[in-house]
Amino acid sequence: MQPTLGDVVVTHMPHSLLARSASRLATLVTVCALTMTVLVVAPTAPAEAATGAQKYSRSAQKATNAVRVKRDRVRLTGDRCLRQHARRHARAMARQGSIWHQDMQAVLEACDLTMVGENVAMGYPTGRAAVRKGWMKSPGHRANILRRQYRLGVVAAAKGDDGLWYAAQLFGRR
């Protein structure tokens, strides 16, 4: 089976929603500040060896930032919310054995972003190959990777029962 790419998806938040989100964020920050408590956290366990999915994701993220820096773009930084959505989506695609885009409006709102985009792929043996031989060879996916407005970026991968890797790459801006 040939490696496959999905369509390109980019979603923007309308300015009226942006204003409401900013207001909600200010309220949330105030509530958190008023109810802050001290938590005692147990020491973290020693780092476990990276899984195949983590290695795939890291190599894709490293390749993405390398091509961005080479073309005078800022490095993308990780984001917990985007990572959660990418991971969930990569796993769902691997279970189904096909690729599709998740609801970008839901990601935009859940992660409190003003802009979000996604690249998906299946069948590339490494994260680096997904970036260099897949997404960077496709004009729309390449545009997502090189879009100057993005500041956040994550890649998640999952291996399907078919032995293929499924990858979801999310981009965002607050």
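The model is predicted: local features need pLDDT of at least 70, side-chain atom pairs count only at pLDDT 80 or more, and totals for chains, interfaces and linings use all residues. Residues are numbered from 1 along each chain as its sequence is written, and side-chain values use heavy atoms, with hydrogens and water left out.

What does the side chain of Asp79 meet in a salt bridge? The partner is Arg174, at 3.0 Å from N to O. A salt bridge here is a side-chain nitrogen of Lys or Arg within 4 Å of a carboxyl oxygen of Asp or Glu. The structure holds one. Asp79 sits in the loop between helix H2 (52-70) and H3, and Arg174 in the segment after strand S5 (165-173), so the pair ties together parts 95 residues apart in sequence. Helices (H or I, at least four residues) and strands (E, at least two) are DSSP runs, numbered from the N terminus.

## The disulfide

There is one disulfide in the structure. Cys81 and Cys111 form it, with sulfur atoms 2.1 Å apart; the cut-off for such a pair of cysteine sulfur atoms is within 2.5 Å. Cys81 belongs to helix H3 (residues 80-96), while Cys111 is in the loop between helix H4 (104-110) and strand S3 (115-122), so the bond ties together parts that are 30 residues apart in sequence.

The torsion about the S-S bond of Cys81 and Cys111 is about -85°, so this disulfide is left-handed. Both Cys81 and Cys111 are buried.

## The nonpolar core

The largest nonpolar core has 23 residues. Such a core is a set of buried Ala, Val, Leu, Ile, Met, Phe, Trp, Tyr and Cys residues joined through side-chain atoms within 4.5 Å. Leu82, Val107, Leu113, Val116, Tyr166 and Leu170 touch the most other members. H3, H4, S3, S4 and S5 each supply at least two residues of this core. H3 gives the most, with six residues.

## The largest pocket

The largest pocket has a volume of about 360 Å³. A pocket is found on a 1 Å grid over the protein atoms alone: it is an open set of points where a 1.4 Å probe fits, with protein on both sides within 12 Å along at least five of seven lines, and lining residues have an atom within 4 Å of a point. Grid points are joined across faces, edges and corners, and the volume is the space filled by probe spheres set on the points.

The lining has 16 residues, and Gln54, Ser57, Arg83, Arg87 and Val155 lie nearest the pocket centre. H2, H3 and strand S4 (152-159) each supply at least two lining residues.

Ser57 is in helix H2. At 12% relative accessibility, Ser57 counts as buried. Ser57 and Gln169 are 112 residues apart in sequence, yet 9.0 Å apart in space, C-alpha to C-alpha.

## Loop residues

Arg71 lies in the loop between H2 and H3. Its relative accessibility is 28%, so Arg71 counts as partly exposed.

Is Asp72 buried or exposed? Asp72 is exposed, at 64% relative accessible area. Phi of Asp72 is near 60°, a positive value in a residue other than glycine.

Definitions and conventions:
Buried < 20%, exposed > 50% of the residue type's maximum accessible area, 1.4 Å probe, protein only.
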